[in-house]
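Welcome, and please open the sequence and the model side by side.

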Amino acid sequence: MSQTTTGMANPSRTFSNVKNVILSAHKNTGAHDKVSFYDTWAENYEQDVELLDYRAPFLAAECVNSFFSGDREKATVLDVACGTGLVSSHLKKMGFHHFAGVDGSMRMLELAKKTGLYQQLTQCLLGHDPIPVEVASFDIVIIVGALSIGQVPLTVISELCEATKPGGYVCMTTRGNADNREYKAELEQINKALEEEEKWSRVTVVEVEEWEKSVSEQDSGYIPGAIYLYQKSLKHSQLL
Ligand SMILES: C[S@@+](CC[C@H](N)C(=O)[O-])C[C@H]1O[C@@H](n2cnc3c(N)ncnc32)[C@H](O)[C@@H]1O
């Protein structure tokens with residue numbers, strides 16, 4: 001039997017189970033509903049996203065790793081919507097050591113705690129409560145798999161920038177499939193506006209064709225996704 005970062009895998013899970021779980025989540029409307037959904041999914045989450053071939057945590061970690069030129073041993077990472085800890089576990093393999101995580105789901109946070117990766121884990125309903133960290137306190141702020149329609153609202157982007165040290169990095173991902181296209185376009189507009197205000201500068205944007213397997217009845221194969229990496233400006237650090 002294979003193992004996830006949070007325990008032994010359940011041998012009976014199939015792609016069809018995953019499809020049903022995700023399609024059921026589309027019925028959840030408010031943020032509280034969504035987070036409750038993750039509480040119920042937490043136990044099977046890692047195994048299910050493996051069946052989905054969900055590569056976002058690895059791809060985003062690799063993107064940060066390839067541009068970060070500071071001291072990995074000292075760098076502090078804020079893993080926003082950390083879930084069970086997949087993103088930080090990839091970053092750890094790449095030489096990063098100091099992780100703090102926030103998520104709305106208590107059950108996801110309990111599993112993240114079991115990994116032993118995080119020095120600090122805090123529950124926070126993103127978009128409703130401010131991210132509970134000090135301004136300009138992290139070298140890297142990363143959010144993977146949570147910026148999409150019906151999940152974390154786009155108002156959180158300026159908070160991600162705020163939490164980052166001057167010269168630090170913000171890494172974000174989103175899906176590029178039909179139901180998320182409008183959200184993705186808005187996210188890109190906000191990123192651009194922050195760049196025009198010289199709050200940060202664009203390091204790279206990576207469009208990925210095969211982001212994860214589609215669960216939609218309409219299309220088969222993979223849906224696309226994107227990774228955005230920005231570097232916080234040194235100039236306006238006091239003004240955010
Ligand atoms: C698809 S999982 C991604 C987890 C992890 N980053 C990964 O890539 O495996 C989305 C995570 O976002 C969290 N989430 C969704 N909406 C949220 C909100 N409004 N506030 C806080 N957490 C939220 C869920 O609890 C869940 O852990």
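Helix H2 (residues 31-51) supplies the largest share of the shell around the ligand, with 3 residues. Please keep in mind that this is a predicted model. The shell draws on both domain 1 (6-51) and domain 2 (56-232), so the ligand lies between them.

**The shell around the ligand**

- There are 21 residues around the ligand, and those that come nearest are Tyr45, Tyr54, Ala81, Asp103 and Val144.

**Polar contacts and burial**

- Tyr54 places a polar side-chain atom 2.6 Å from an oxygen atom of the ligand.
- Asp103 also has a polar side-chain atom 2.6 Å from an oxygen atom of the ligand.
- With Gly104 the backbone takes part: one of its N or O atoms lies 3.0 Å from a nitrogen atom of the ligand.
- How much of the ligand does the protein bury? Taken alone, the ligand exposes 590 Å², and 98% of that is buried by the protein.

**The two domains**

- The domain assignment of the protein gives domain 1 as residues 6-51 and domain 2 as residues 56-232.
- Taken over C-alpha atoms, the centres of domain 1 and domain 2 are 20 Å apart.
- To the contact between them, domain 1 gives 18 residues and domain 2 gives 17 residues.
- The size of an interface is often given as the accessible area lost when the parts come together.
- Here domain 1 and domain 2 bury about 1700 Å² between them, and 65% of that area is on carbon and sulfur atoms.

**A closer look at Ala31**

- Ala31 is a residue of helix H2, the helix that gives the largest share of the ligand shell.
- Which residues does Ala31 touch, leaving aside its neighbours within four places in sequence? Ala31 is in contact with Leu125 and His128.
- Ala31 and Gly127 are 96 residues apart in sequence, while 8.7 Å separate them in space, C-alpha to C-alpha.

Notes. Residues are numbered from 1 along each chain as its sequence is written. This is a predicted model: local features need pLDDT of at least 70, side-chain atom pairs count only at pLDDT 80 or more; totals for chains, interfaces and linings use all residues. Side-chain values use heavy atoms; hydrogens and water are left out. A residue is near a molecule or strand if one of its heavy atoms lies within 4 Å of it. A polar contact is a pair of N or O atoms within 3.5 Å; within protein, one must be able to donate a hydrogen and the other to accept it, and residues adjacent in sequence count only if both atoms are side-chain atoms. Accessible areas come from the Shrake-Rupley method with a 1.4 Å probe; for residues, only the protein chains shown count as cover. Helices (H or I, at least four residues) and strands (E, at least two) are DSSP runs, numbered from the N terminus. Domain bounds come from an automatic or database domain assignment. Contact means heavy atoms within 4.5 Å. Buried area is the accessible area (1.4 Å probe) that two parts lose on being put together, summed over both.
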